[in-house]
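Biologist: Please take me through reading a helix packing and then a cavity.

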Amino acid sequence: MNHKLHPHLNQLERSATLAINERSAEMAAAGQTIYRFGFGQSPFPVPDSIVSALQENAYRKDYLPVEGLYELRQAVAEYHKETDKINIAAEGVLISPGSKELIFTLQLALTGTTLIPAPCWVSYVPQGKIVQRENKYIQTRFEDNWRLLPDQLETAIKSITGPRLLVLNYPGNPDGGTYSADELNALANVARENNVLILSDEIYGRLYHEVEHVSIARFYPEGTIVSSSLSKWCAAGGWRLGHFAFPKELFWLKEALASITSDTYSCAATPIQYAGLQAYNDKDTVGEYLFHCRRILSTIGNFCASTLLEAGVNIQSPSGAFYLFPDFESFRISLSEKGIHDSTAMCEQLFQDTGVALLPGAAFGRPAEELNARIAYVNFDGGKALQTSREISMEQNLTMHDLGDNVINVKYGIEKLIDWLKE
Ligand code: PLP
């Protein structure tokens with residue numbers, strides 16, 4: 001055979017998050033106890049009314065318009081108006097099989113450079129590499145809660161000529177942090193002054209813990225594309241239903257993406273789009289469900305963060321999603337005595353010694369020699385946790401004690417990690 005890959009594709013690897021999941025599953029099958037903090041999938045079940053909607057619409061077999069079912073686009077636009085206070089028309093919504101696909105297509109379509117604050121989601125940069133697009137990391141700092149500062153953005157902008165796309169993801173994967181309205185406003189001003197387009201990845205927006213999520217599109221509507229999906233807040237990652245919301249100033253870009261997608265995936269699966277309609281319209285069910293998801297995630301995330309903090313780990317308490325991004329710099333000397341000098345070696349050795357699966361900071365765009373890692377605190381039964389939370393008054397706090405044995409592997413995993421660091 002004389003077939004070959006394009007040379008720029010030779011270095012591509014499987015997404016680190018999927019790889020750790022496969023490895024954890026293999027080791028668990030071989031009888032080892034694994035503390036699965038590696039894979040960032042929502043632990044909760046999809047609400048019953050939305051599952052029923054999918055079942056009831058399974059018979060639908062026809063293709064839908066490339067941009068999506070019109071009623072769904074209307075419902076999504078309405079949702080953005082209501083929750084984000086941004087003026088999105090149904091015509092500005094583009095439905096896709098997961099938001100990942102649209103993030104990829106956007107990078108394929110645009111000229112210029114993508115600015116990516118790091119730590120960042122694992123796929124932005126590989127996607128850029130596939131389409132041979134320039135990526136530039138902006139390294140944020142632990143002290144700033146891993147948030148991008150306006151002057152860091154300004155410096156990065158000045159270092160590049162040509163069009164710039166800034167990707168902002170908040171609440172963030174891998175760090176669980178978010179921005180305040182004032183911080184977003186300041187970033188929006190810098191973006192507007194410099195004609196920077198923003199892709200605002202708000203896939204975890206509905207999984208804020210205590211303080212309500214704010215979209216940067218409130219402050220920079222004309223230059224922001226909002227990205228979201230059912231994958232996290234509705235726990236339906238495998239259903240593959242995402243969207244982009246464009247302001248009218250960017251309809252030209254939406255048209256271009258729709259043309260590309262019409263020649264690639266055609267449309268998101270029809271029954272899933274009908275189920276999505278239920279997900280965006282059944283506000284009472286979703287409101288109640290999200291209240292409990294947030295309360296559970298906040299309880300578990302804060303437990304993990306405070307336990308690690310007490311043990312001497314540098315860690316920020318979470319604001320949303322189900323991630324923490326601890327920094328183990330204070331253990332550098334003892335880790336180096338074990339021959340560990342970077343995040344990848346640290347996670348590998350930790351996994352082998354204890355079965356605790358974390359993903360190294362290097363997978364999220366951090367310099368290899370740093371000693372940070374992502375904890376996805378989702379190794380509990382989400383269905384049982386919802387049941388427990390529903391039995392406790394909404395006015396009361398939910399505790400780890402209330403969640404009982406269901407969170408035993410979270411507790412043991414954190415304990416094992418601390419014992420290993422102190423060995
Ligand atoms: N953005 C972030 C930050 C994510 O964590 C993910 C999924 O893990 C995605 C986008 C893509 O999600 P989906 O394609 O399932 O909508």
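This is a predicted model: local features need pLDDT of at least 70, side-chain atom pairs count only at pLDDT 80 or more; totals for chains, interfaces and linings use all residues.

Biologist: At what angle do helix H3 and helix H9 pack, and how far apart are their axes?

Modeller: Helix H3 spans residues 70-84 and helix H9 spans residues 270-281; the two pack at about 30°, with axes 9 Å apart. Since angles under 35 degrees count as roughly parallel, H3 is therefore roughly parallel to H9.

Biologist: Is the crossing of H3 and H9 left-handed or right-handed?

Modeller: The H3 and H9 crossing is left-handed. On the H3 side, the contact is made by Glu71, Leu72, Ala75, Val76 and Tyr79. H9 contributes Gln273, Gly276, Leu277, Tyr280 and Asn281.

Biologist: How does the contact of H3 with H9 divide by class?

Modeller: The contact has 6 nonpolar residues, 3 polar and 1 charged.

Biologist: Now the cavities. How many of 30 Å³ or more does a search of the whole structure find?

Modeller: The search finds 3 cavities of that size. The largest cavity holds about 120 Å³ of space.

Biologist: Which residues that line the largest cavity are the closest to its centre?

Modeller: The lining has 16 residues, and Pro117, Pro119, Cys120, Arg147 and Asn169 are the closest to the centre. Strand S3 (113-118) and strand S5 (164-169) are the elements that each give two or more residues to this lining.

Biologist: And what classes make up the lining of the largest cavity?

Modeller: The lining of the largest cavity comprises 10 nonpolar, 4 polar and 2 charged residues.

Notes:
Residues are numbered from 1 along each chain as its sequence is written. Side-chain values use heavy atoms; hydrogens and water are left out. Axes are lines fitted to C-alpha atoms, for helices over the stretch in contact, and angles run from 0 to 180 degrees between N-to-C directions. Helices (H or I, at least four residues) and strands (E, at least two) are DSSP runs, numbered from the N terminus. Angles under 35 degrees count as roughly parallel, over 145 as roughly antiparallel, 65 to 115 as roughly perpendicular and the rest as oblique. A crossing is left-handed if the near helix is turned anticlockwise from the far one by less than a right angle, and right-handed if clockwise. Contact means heavy atoms within 4.5 Å. Ala, Val, Leu, Ile, Met, Phe, Trp, Tyr, Cys and Pro count as nonpolar, Asp, Glu, Lys and Arg as charged, and the others, Gly among them, as polar. On a 1 Å grid over the protein atoms alone, a cavity is a set of points where a 1.4 Å probe fits but cannot get out, and a pocket is an open set with protein on both sides within 12 Å along at least five of seven lines; lining residues have an atom within 4 Å of a point. Grid points are joined across faces, edges and corners, and a volume is the space filled by probe spheres set on the points.
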